Amino acid sequence: MKKGILSKNFQLFVTIVLFLVLFLAGSLRYRGFFSAQVFLNLFIDNAYLIIIAVGLTFVLISGGIDISVASVVAFVGMLSAYLLQNGWNPYVVMLLMLLIGSTGGFLMGYIIHYFKIQPFIATLAGQFLYRGACFIISTTSIIIDNPVYTTIANYQIKLAPKAYISISVVIALLVVIAGTIMARFSKFGRAVYAVGGNEQSANLMGLPVGRIKVLVYVLSGFCAALGGIVFSFYTLSGYGLQNIGLEMDAIASSVIGGTLLTGGVGSVVGSMFGVLIQGIIQTIIIFQGNLSSWWTKVAVASLLCLFIVLQRIISANRDKFKRKMLNNA
Amino acid sequence: MKKLTRNQIFWPLVALIVLLIYNAFFAKNFFKISVVDGHLYGNLIDILKNFAPLALLSIGMTLVIATGGVDISVGSVVAISGAIACSIIDGRLGIFNHSLVSALVSALLSGLACGLWNGFLVAKVKIQPMVATLILLTAGRGIAQLITKGKIVTINSAPMMKEYYFIGAGYLLGLPFALYIVIAFLFLVLLLVKRTAFGLFLQSLGINSKSSMLSGINVDRIKLVVYTISGFLASIAGILISSNIKGADCNNAGLFIELDAILSVAIGGNSLNGGKFMVQASIVGALFVQCLTTTVYALGVPPEAISLLKAIVIIVLCLFQSDSFRQRVFKGFKRSVKGADAA
């Protein structure tokens, strides 16, 4: 058990078990809960959040933070709705959005690393900038009725007679897979972990710390823009006040999934399960019917608290274990 | 001159004065102050009245940031304290109905409790400040909604409405009453910071928490106190905000005010990594943020654009405060050794 608690994947394991327990509890308690579609809806409704959380996870692992993602989503929705209304080619629009997200991320990463500005403040500026830019485009919501967008939005991939997923889910899963491969098996991924674990030693090891730190923000900006595109499939409109506070949901998902905000620890899959856990709490509250939706927030916060305390216990244990090993040696 | 520009409060004051000069030229009647209903009236007075909640929050935030932490839950504490105060005044909570004193006391106690909770998580459980306060940020609005049962509580017809309204929107000797509250708390906190050992310890804790601990300072207790002060001040801000609109709106009361508070502290030139701090400078920062908001309204720019302006202000101010930026831009041509170091 002791070794189990110390293992790197223990928290991921707890997160997945918790997800299964919640799903099981819901299935036992509510009629109609145990169905493939309820399960798949978790992915359909949260595809954009999963994508955003993947990008954010890299930033958090590197020891930074990005609170601009929610505004990026709103801005992408707004600008693409506006451009589509003006007859732009939808594919060009999508590419442009990804480019804008990445460029924004690059700029934020650049001033964070090279001008030594706190990530929180730099991305706060980004958040305000994107949000303000939304309202320059329009203060009201704009609908998206471009045929390509509506087709993608309504397309159902049938997995079984009564179970389907949307294209957004496929995108989200691809992002999760790509993210996992990048984090686990690429040079870049390992460097991100190293920078987050200890920036100074990473530097001494000869890793290009600056480039890595800028790149994680580029990645996060890219994922946020992709999440924004997926979100505009989901709502088929753009609105400047969309998704206020989403960045905190994404950060909470990552933390529930085992990411340490001090950096160096975390996994993409964990963040995905973090999102799914929040989704399933929401689903349970909807099935219960008589609970106010505010309980979702309270429940998520309690879980967050639980997981953070758990993380503390784990890292405290790990320190003790290390010290013991050192003493023995 | 050099001594003057080195002073931390210098640049925020310059920014504020530049903004005011801009207004003098471009916003009509910005400096006009008249007497209406026996109190002063005008844009400047409005700024002083509306900046009170933000000023209180930025006082607390300065102390928290001085320890190297951050408290992002203050907006939710604002919502909770407003919800409690208004529910009691309106007679919805069942206990101590309609009593002003009990409403205020319960609201302040809720703030103390929230602050203690944050402080406990940070100081005792040793969770990173941002994550620890993220918990209350997420839960806080939910809790406030549960207190008001999901409704917007209005206190228009409550018996103690006038007295409650006075706190946030009343005038004393021609000036907003809320301003006196800010001054009182600024005075108290300055006393605490400048005239007690606590202030000294606080600064040393921010500069180097480990060496402070080794020199025998009870680091945990200082952190606990600082977060409690922040929560307490946030609950006062909650009372001011809810009193000003005669009601508690759990969704919107104090929404994103934590970002403004952090912004005020940053504009005040305080390092967000902790260490040296200046509460007065943060107050000037808060004044600047509020002045910016009022300017935007006075100019007739759509209020939504304000976040764009804030973004530009953050970027400009932060870049000018960043040493490596100054070196790159102003000494870039000389190719000095320092510049090479920064690169």
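Reader: How many residues does helix α13 of chain A have, and how far does it reach?
Author: In this predicted model, helix α13 of chain A (residues 268-288) has 21 residues. From its first C-alpha to its last it reaches 31 Å, close to the 30 Å expected at 1.5 Å a residue.

Reader: Is α13(A) mostly covered or mostly open?
Author: Mostly covered: 16 of the 21 residues of α13(A) are buried.

Reader: What comes just after α13(A)?
Author: A:G289, which takes a positive phi of about 85°.

Reader: OK, glycine. Which residue of chain A has a positive phi although it is not a glycine?
Author: A:K116 does, with a phi of about 55°. A:K116 is found in the loop between α5 and α6 (119-137) of chain A.

Reader: Is A:K116 buried or partly exposed?
Author: Partly exposed, because A:K116 has 15 other C-beta atoms within 10 Å, and a residue needs 20 or more to be buried.

Reader: And in chain B, which residue other than glycine has a positive phi?
Author: B:K126 is one, with phi near 65°. B:K126 is found in the loop between α5 (100-124) and α6 of chain B. B:K126 counts as partly exposed, because it has 13 C-beta neighbours inside 10 Å.

Reader: Switching to strands. In what sense do β2 and β3 of chain A pair?
Author: Antiparallel, over four bridges. Strand β2 of chain A covers residues 156-160 and strand β3 of chain A covers residues 163-166.

Reader: What joins β2(A) to β3(A)?
Author: A hairpin, through two residues.

Reader: Which residue in β3(A) is the bridge partner of A:K158?
Author: That's A:Y164.

Reader: Now helix packing in chain B. At what angle do the axes of α4 and α12 cross?
Author: The axes of helix α4 (residues 74-90) and helix α12 (residues 257-267) of chain B cross at roughly 130° and come within 7 Å. That makes α4(B) oblique to α12(B).

Reader: Which residues meet there?
Author: From α4(B), B:V74, B:G75 and B:V78 meet B:I257, B:E258 and B:A261 of α12(B). The residues of this contact of α4(B) with α12(B) divide into four nonpolar, one polar and one charged.

Reader: What about the two chains, how many residues does each put into the contact?
Author: Chain B gives 34 residues and chain A gives 36 residues. On the side of chain B that touches chain A, at least two residues each come from α6 (129-147), α12, α14 (306-321) and α15 (323-330).

Reader: Which helix supplies the largest share of that side of chain B?
Author: α6(B), with 12 residues. The residues of the side of chain B that touches chain A divide into 22 nonpolar, eight polar and four charged.

Reader: I'm also curious about B:I45. Where does B:I45 lie?
Author: B:I45 lies in helix α3 (residues 43-66) of chain B. B:I45 is partly exposed, because it has 19 other C-beta atoms within 10 Å, and the cut-off for buried is 20 or more.

Reader: What is B:I45 in contact with, leaving aside its neighbours within four places in sequence?
Author: B:I45 is in contact with B:I33, B:L40 and B:P176. The C-alpha atoms of B:I45 and B:I89 are separated by 28 Å, and these two are 44 residues apart along the chain.

Reader: Last one: how far apart in space are A:M94 and A:S315?
Author: They are 42 Å apart, C-alpha to C-alpha, and 221 residues apart in sequence. A:M94 is found in helix α5 (residues 90-114) of chain A.

Terms used:
Residues numbered from 1 in each chain as written. Chains lettered and ligands numbered in written order. Predicted model: local features only at pLDDT ≥ 70, side-chain atom pairs only at ≥ 80, totals over all residues. Axes fitted to C-alpha atoms, helices over the stretch in contact; angles between N-to-C directions. Parallel < 35°, antiparallel > 145°, perpendicular 65-115°, else oblique. Contact = placed C-beta atoms within 7 Å. Nonpolar A, V, L, I, M, F, W, Y, C, P; charged D, E, K, R; others polar. Pairing = 2+ DSSP bridges. Expected span 1.5 Å × (residues − 1). Buried ≥ 20, exposed ≤ 12 C-beta atoms within 10 Å, placed from the backbone.
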